[in-house]
Amino acid sequence: GGGATSSDTLDSSATRGTRRRSLTMSKPVDYSKFDKVGDSDDEVAPPPRPPPSEELPSYTAPSYDDPRAQIEKLKADKRAARVAREAAEAAAGPVEGTAEKEVVVSVEAEAQAAAVAELELTGPLAMLVKAEGVKADIVSGVAGIEADLSTAQDEPIELGRVTALNGLIGKLQSLVDQISIGDLDEEARDAARTRRKALNAYVEDAMPVVAGLRSKVIAANK
């Protein structure tokens, strides 16, 4: 006959909750709202894939100009332009100042050739050339004195000319003694040896000739 306790209230709530869950779980599931096999949506098949040959368009590689061909074309164009320019200049005649330029170029070429020749005449070859020049002076001096002796002279022949020839002979002998051909290559060494031998032979021949000239000049001047 007394009031409901808290434990009775909890039991009553638990009983109602259990009843509701039983009713919900025992309710049958209606599958009519789901699609059935054979529905119109399932019958629509995806379109067939095209054959592999039609799947992608054929690929055509882009064409690029060969850079080497372009370079050759540029070179050919430059050559053609140069030929045309030279032909036009030839048809127009010489340009003012061209002759002067050609003269300058010629002089420069000669100077370069002389420089090259001077470089080649170094060492024993230079000594040979110098010695042969002294020999030429002796030959010229001897010929001049003999010519004067062969003709009547109003004035006496200078004896100093003979003394100068003796000095040239001594100079020639000294130059020949200084020529060393050991550093030359075989071909140049053989040629230099022949020239040096000829100079030595000339020195031996020139000394008595000049000595004879001294006696002749003294006799002619009396």
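Leaving aside neighbours within four places in sequence, tyrosine 202 is in contact (heavy atoms within 4.5 Å) with Lys135, Ile138, Val139 and Leu172. The model is predicted: local features need pLDDT of at least 70, side-chain atom pairs count only at pLDDT 80 or more, and totals for chains, interfaces and linings use all residues. Residues are numbered from 1 along each chain as its sequence is written, and side-chain values use heavy atoms, with hydrogens and water left out.

Tyrosine 202 lies in helix 8, residues 186-220. Helices are DSSP runs of H or I with at least four residues, strands are runs of E with at least two, and both are numbered from the N terminus. Tyrosine 202 counts as buried because its relative accessibility is 17%. Buried means under 20% relative accessible area, exposed means over 50%, and partly exposed lies in between (1.4 Å probe, protein chains only). Lysine 135 is 67 residues from tyrosine 202 in sequence. In space, the two C-alpha atoms are 8.0 Å apart.

Leucine 172 also touches Tyr202.

Helix 7 covers residues 160-178, 19 residues in total. From first C-alpha to last, helix 7 reaches 27 Å, close to the 27 Å expected at 1.5 Å a residue. The expected span is 1.5 Å times one less than the number of residues. Val162, Leu165, Ile169, Leu172, Leu175 and Val176 are buried in helix 7. Seen down the helix axis, these buried residues fall within an arc of 130 degrees, so they line one face of helix 7. The arc is that of the directions from the helix axis to the C-beta atoms. An α-helix has 3.6 residues a turn, so residues three or four places apart point the same way. The face of helix 7 turned away from its buried side carries the exposed residues Asp177 and Gln178. The buried residues of helix 7 pack against helix 6 (124-150) and helix 8.

The largest nonpolar core has 24 residues, and Ile138, Leu165 and Leu172 touch the most other members. Helix 6, helix 7 and helix 8 each supply at least two residues of this core. Its largest share, 8 residues, comes from helix 8. A nonpolar core is a set of buried Ala, Val, Leu, Ile, Met, Phe, Trp, Tyr and Cys residues joined through side-chain atoms within 4.5 Å.

Overall, the protein has 8 helices and 0 strands. Buried residues make up 12% of its 222 residues.
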